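Subject: Structure handover

Hello,

Here is the structure I promised to pass on. Please look it over first, then read my notes below.

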Amino acid sequence: MMVQLKLIRGVVGDDSVSTAQGSMSSINSVATIVIQNAGGWLAGSFGIQHLYIALSVLTAAALVLSQFLKVDNTKKFFS
C-alpha cells in the first residue's frame, strides 16, 4: 500500500491523489478476479504444470521490468 501511494504521488498531481488511489484499488480488485479466472481456465485446459510455468514466466518478466522503474526519492511523503 505504501509503495502504491508513493508511486501515485510521484505520477499524479497533489490534487488528484485520492482519485488515483481509488482508481488503482478498483483496477487491482478487477485484475485479481480476471487473473483467478484465467488461471482456473489455464489449469483446467492444460494442467496445473502449465499454470505454474506461466506464472513463473510472468513473475520473472515483472521482476525484470521493475528494475527499470524510476521513482523520485527526493520528496518526503510520510514525515
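Along the sequence, the protein runs α-α-α. That comes to three helices and zero strands. Helices (H or I, at least four residues) and strands (E, at least two) are DSSP runs, numbered from the N terminus.

The model is predicted: local features need pLDDT of at least 70, side-chain atom pairs count only at pLDDT 80 or more, and totals for chains, interfaces and linings use all residues. Residues are numbered from 1 along each chain as its sequence is written, and side-chain values use heavy atoms, with hydrogens and water left out.

Of the 79 residues, 11% are buried (under 20% relative accessible area; exposed is over 50%, partly exposed in between; 1.4 Å probe, protein chains only).

Now the largest pocket. Its volume is about 150 Å³. A pocket here is an open set of points on a 1 Å grid over the protein atoms alone, where a 1.4 Å probe fits, with protein on both sides within 12 Å along at least five of seven lines; lining residues have an atom within 4 Å of a point. The volume is the space filled by probe spheres set on the points, which are joined across faces, edges and corners.

Which helix gives the largest share of the lining? Helix 2 does, with five residues. Helix 2 (17-46) and helix 3 (48-66) each supply at least two. Trp-41 and Leu-55 are among the lining residues.

Leu-55 lies in helix 3. Leu-55 is partly exposed, with a relative accessible area of 40%.

Best wishes
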